[in-house]
Amino acid sequence: MIKVALVDDHQLFRKSLSMLLSSFEGVDVIYDTNDGLAFLKYAESEVIDVLLLDIQMPILDGFEVCKRLKLINPDVKILIISQLTSREAIHQIMECGANGFFTKNSSPELLESAMRKVMERDYYFDVELGAVIREAILWDKKVHYNTDLTVLVTLTSRELEIIRMACKELSSKEIGDKLCISTRTVEKHRKRIMEKTNSKNFIGVVLYALKTNAISLSNI
């Protein structure tokens, strides 16, 4: 059972989304609110698998909620839901530690797929945002780096292979089967890759690999 929390300041949207989520097999909506601070207090003592989080909210915006939640419980998978698709917004989503992003006009089928993918592989990209993501990555590279990113961290051929396979939506078990190694070994590789790239989660790894041209957007 996937335990889901929902934080959005539009009550009608939030309640409608809660009903939709409850109709998905194996999904349980355990909490919904329009108050980011109230949610963070709740998250201190409750088990949550996935958080669906709006960006534009009073008191605390989604970016700040995301950052604070990662300090409280880094294991929660965070999917940002928003109408904002600007380069700057996508960049902030990358930086705050979210595991994925999709727009509010996405289909119910895409939402369900996003939730299950973020549980299986730790990240989710809406393919319709590919061009915006590309711009955000190039902008981030231009603003924050003056040298070739490939000199910062050396990823082994096995690590790059695992990243590319993860981008093809393969689970750790499926990756292990293809590489003839155990699931546990794949998880160790994933953890090591995150440490080497200083990534908060695997979406950070993917973004790093994109910035260094180790993979292309066609991989995701």
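**A guided reading of a predicted model**

Visitor: Which residues are linked in a network of salt bridges?

Guide: The network of salt bridges joins D8, D54 and K104. Please keep in mind throughout that this is a predicted model.

Visitor: What is the general idea behind such a pairing of side chains?

Guide: Side chains that carry opposite charges can pair when their charged atoms come close. In this structure there are eleven salt bridges. One of them is formed by D54 and K104, whose closest N and O atoms are 3.6 Å apart. That pair ties together distant parts of the chain, since D54 belongs to strand β3 and K104 to the loop between β5 (100-103) and α5 (108-121), 50 residues apart.

Visitor: Is D54 buried or exposed?

Guide: D54 counts as buried because its relative accessibility is 3%, and the cut-off for that class is under 20%. K104, at 22% relative accessibility, counts as partly exposed.

Visitor: Where does the salt bridge partner of R14 lie?

Guide: The partner is D32, and the closest N and O atoms of the two are 2.9 Å apart. R14 sits in helix α1 and D32 in strand β2, so the pair links distant parts of the chain, 18 residues apart. With a relative accessible area of 7%, R14 is buried, whereas D32 is partly exposed with 23%.

Visitor: What N to O distance is found between E159 and K196?

Guide: The side chains of E159 and K196 meet in a salt bridge at 2.9 Å, N to O. This pair again links distant parts of the chain: E159 is in helix α7 and K196 in helix α9, 37 residues apart. E159 is buried, its relative accessible area being 5%, while K196 counts as partly exposed at 22% relative accessibility.

Visitor: What share of the contacts joins residues at least 24 apart?

Guide: Contacts between residues at least 6 apart in sequence form the reference set, and 66% of them join residues at least 24 apart.

Visitor: In what sense do β1 and strand β2 pair, and over how many bridges?

Guide: Strands β1 and β2 (residues 27-33) pair in the parallel sense, over six bridges. Within this pairing, V4 has V29 of β2 as its bridge partner. Strand β1 also runs parallel to strand β3 (residues 50-54), to which four bridges join it, and V7 stands opposite L53 in β3.

Visitor: What unit do β1, helix α1 and β2 make?

Guide: Together, β1, helix α1 (residues 11-22) and β2 make a right-handed β-α-β unit.

Visitor: Which residues have the most contacts inside the largest nonpolar core?

Guide: They are I163, I175, F202, V206 and I215, in a core of 25 residues. At least two residues of this core come from each of α7 (157-167), α8 (172-179), α9 (183-196) and α10 (202-211). Helix α10 gives the most, with eight residues. There is also a second, separate core of 24 residues, which includes F39, I48, L69 and I93.

Visitor: Where is the place of V47?

Guide: V47 lies in the loop between α2 (36-43) and β3. V47 counts as exposed because its relative accessibility is 55%, the cut-off being over 50%.

Visitor: Which residues does V47 touch, not counting residues up to four places away in sequence?

Guide: With those neighbours in sequence left out, V47 touches K3 and I30.

Conventions
Residues numbered from 1 in each chain as written. Predicted model: local features only at pLDDT ≥ 70, side-chain atom pairs only at ≥ 80, totals over all residues. Heavy atoms only, no water. Contact = heavy atoms within 4.5 Å. Pairing = 2+ DSSP bridges. Right-handed = clockwise from strand over helix to strand, strands pointing away. Core = buried A, V, L, I, M, F, W, Y, C linked by side-chain atoms within 4.5 Å. Buried < 20%, exposed > 50% of the residue type's maximum accessible area, 1.4 Å probe, protein only. Salt bridge = Lys/Arg side-chain N within 4 Å of Asp/Glu carboxyl O.
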